[in-house]
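Q: Could we go through this structure together, please?

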There are 2 protein chains.
Amino acid sequence: MELWFTEKQTEGLALSLLVTRTLHRERTPFQDLAVLETVQYGRLLVLDGVVMLTEADEFIYHETIAHVPLLLHPEPRIVLVIGGGDGGTVREVLKHPSVEKVVLAEIDERVIEASRRFFPTLSTGFTDPRLQLAVGDGIEHVRNHPGTYDVILVDSTDPVGPGVGLFEADFYRMAAAALRPGGLLAAQTESPFVNRELIRHIHKNMKEAFPFRRLYLAPIPTYPAGWWSFTLAAEAEVNPLEPRILPGLATKYYTPEVHRAAFALPPFVAELVRKE
Amino acid sequence: MELWFTEKQTEGLALSLLVTRTLHRERTPFQDLAVLETVQYGRLLVLDGVVMLTEADEFIYHETIAHVPLLLHPEPRIVLVIGGGDGGTVREVLKHPSVEKVVLAEIDERVIEASRRFFPTLSTGFTDPRLQLAVGDGIEHVRNHPGTYDVILVDSTDPVGPGVGLFEADFYRMAAAALRPGGLLAAQTESPFVNRELIRHIHKNMKEAFPFRRLYLAPIPTYPAGWWSFTLAAEAEVNPLEPRILPGLATKYYTPEVHRAAFALPPFVAELVRKE
């Protein structure tokens, strides 16, 4: 027998992974959570039927969402991760010696628990004394913490289900207010192939709170169309092509050259965020 | 009813596209050929069950395989395309005013015919007087044309079926001999995620004929894992980061910045082609 997990990524596009074992399945207060063992990419975390990560490719997403903004900030000390209950983003943030505290605002504690149990290579940061768990709504969290963070990373699900508010103008306004002077926000902002209207919508929603915005790109084989966008946002202009060099930063995807390459937008992507 | 085309890209990975119509299906002397209309990516060309291209994403592959080497060569005049019967690569090559002649060595004339009928945006070059069709075996063609070409583009299928010889050392030796002094070869060289041993094998096979080799990358959403490698090869060293600028070159993916970015290899890819 062959058992295939299939995600219908859009109306007309599906990705399937051959599964050897269902390791875990539960209905949390927020979503349907599953951990599957796949032949191609190792363990797979699925929320509401959507691929969150696999062991084999998660490093690209997590290194990209974390190191790009952290190495563009002169000295990130206090960092907020919204979503990201799997711990992958926290793991990368904790590689920065300047970071004194990382707050993880994940709404669904069960994701954190599942990661502790099934994803030992992702949840390494959960025992770090610099990590502070703030289980709850990320929007409430930023509302209640003005002027607090050097960097905010929005490591959300897609804008359906619990993640929907994290793509709206109200949230961006509060997130901007939660930053300290010179602060940066980075967010996952969906596929430049199959979520083109959504990227335009997100950038429009960000515009008022973040006059400076730059799209950047990375390949994520298990996300729709295999190529993903992130957005770097700030109040004032930043030169995104001059990251600090952090000697000894252990990565499998990120390098300063890959950082710069991520901002080279092909014309069909650049047109999504062209200034009016 | 929903009709899905599914390609099992590896033992454990599959991509599916919702199909509205089968436009064409035939058994050619070389392979099974199908043209399908998909909801997500427009028309789809399938050879032996494997996605060759879709109307929506083909520009990335064709711009990348063509413009990178053509803009690294000081003055490409005579160009050979091996495979590529769909015409997409030829279309891009013909955008270069220095090009006096493009020879298309496609083994399967039925692919050319299918493109003429079903892919009007790809087959535009087939009426250009600079194009010379050389229907037949690309390996034979290079053997019979020593010292002839400025640039050779290996736009092959995967190394199974008719394309298999195009990844072997014998072919690379003859291709190197078919180049004029200062000539360049570029080839599609499979996925850095799911064909890692194959990339190592190809580079080993190229080594003797082409002392200079550089991997470069582009996202191709309909290929396995959505991210693809190409290899630039030459007898002598070339600086791959300084392409000529061709004013007025109309592209949707390629820019000089995207060109440079394509050569920024993440460590997990660089290790595939590290020199011993």
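This is a predicted model: local features need pLDDT of at least 70, side-chain atom pairs count only at pLDDT 80 or more; totals for chains, interfaces and linings use all residues.

A: Residues are numbered from 1 along each chain as its sequence is written, while chains are lettered from A and ligands numbered from 1 in the order in which they are written.

Q: How many residues of chain B are in contact with chain A?
A: In chain B, 31 residues are in contact with 31 residues of chain A (C-beta atoms, placed from the backbone, within 7 Å).

Q: Which element supplies the largest share of that side of chain B?
A: The largest share, six residues, comes from β2(B). Strands here are DSSP E runs of at least two residues, and helices are H or I runs of at least four, numbered from the N terminus.

Q: In what sense do β2 of chain A and β2(B) pair?
A: They pair in the antiparallel sense over five bridges; pairing requires at least two DSSP bridges between two strands. The bridge partner of Leu13(A) in β2(B) is Leu17(B).

Q: Changing topic, where does Asp48(A) lie?
A: Asp48(A) is in the loop between β4 (42–47) and β5 (50–54) of chain A. Its phi is positive, about 50°, although Asp48(A) is not a glycine.

Q: Why does Asp48(A) count as partly exposed?
A: Asp48(A) counts as partly exposed because it has 16 C-beta neighbours inside 10 Å. With C-beta atoms placed from the backbone, 20 or more others within 10 Å make a residue buried, 12 or fewer exposed, and a count in between partly exposed.

Key: Two residues are in contact if their C-beta atoms, placed from the backbone, lie within 7 Å.
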